[in-house]
Amino acid sequence: MHLRLHKNATTTPRIRAEIQVSKEPMRVLAQRFGVSVCTTSPLEEACIGS
């Protein structure tokens, strides 16, 4: 399957699914996947502009 991602995408559908089911702190997940805490947060909209 060929997956087309936005050129600025930092996560794949697989990574997003792992984040959603994980019980680990957002900070740990962000560090593991090399993204910001705002990217891993379920309330990502709250991080816009910060």
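The following paragraphs lead through the structure, from its overall layout to single residues.

This is a predicted model, in which local features need pLDDT of at least 70 and side-chain atom pairs count only at pLDDT 80 or more, while totals for chains, interfaces and linings use all residues. Residues are numbered from 1 along each chain as its sequence is written, and side-chain values use heavy atoms, with hydrogens and water left out.

The predictor's confidence in each residue is given as pLDDT, on a scale from 0 to 100. The protein chain has a mean pLDDT of 81, and 84% of its residues reach 70 or more.

The protein chain contains three helices and zero strands. Both kinds of element are DSSP runs numbered from the N terminus, with helices (H or I) needing at least four residues and strands (E) at least two. Read from the N terminus on, the order of elements is α-α-α.

How much of the chain is buried? Of the 50 residues in the protein chain, 20% are buried. Here buried means under 20% relative accessible area, exposed means over 50%, and partly exposed is in between, with a 1.4 Å probe and protein chains only. The protein chain exposes about 4,300 Å², and carbon and sulfur atoms supply 56% of that area. Such areas come from the Shrake-Rupley method with a 1.4 Å probe, and for residues only the protein chains shown count as cover.

L29 counts as buried because its relative accessibility is 1%. Leaving aside residues up to four places away in sequence, L29 touches I19, S22, E24 and T40, where contact means heavy atoms within 4.5 Å. The C-alpha atoms of L29 and E18 are separated by 9.2 Å, and the two residues are 11 apart along the chain.

T40, a contact of L29, lies in helix α3 (residues 37-40). With a relative accessibility of 3%, T40 is also classed as buried. Which residues does T40 touch, not counting residues up to four places away in sequence? They are I19, M26, L29, A30 and V35. The side chain of T40 reaches the backbone oxygen of V37 at 2.9 Å. A polar atom of the T40 side chain also lies 3.4 Å from the backbone oxygen of M26. A polar contact is a pair of N or O atoms within 3.5 Å; within protein, one must be able to donate a hydrogen and the other to accept it, and residues adjacent in sequence count only if both atoms are side-chain atoms. T40 and V28 are 12 residues apart along the chain, with 9.6 Å between their C-alpha atoms.

The segment after α3 holds P42. P42 is exposed because its relative accessible area is 67%. P42 and Q20 are 22 residues apart in sequence, and their C-alpha atoms are 7.9 Å apart in space.

Charged side chains come last. Side chains of opposite charge can pair when their charged atoms come close. The structure holds two salt bridges, a salt bridge being a side-chain nitrogen of Lys or Arg within 4 Å of a carboxyl oxygen of Asp or Glu. One joins the side chains of R14 and E18 at 2.2 Å, N to O. R14 and E18 both lie in helix α1 (residues 13-21), four residues apart, which is about one turn of the helix. R14 is exposed, at a relative accessible area of 53%, whereas E18 is partly exposed at 31% relative accessibility. In the other, the side chains of R32 and E24 meet at 2.7 Å, N to O. R32 is partly exposed, with a relative accessible area of 47%, and E24 is partly exposed at 31% relative accessibility.
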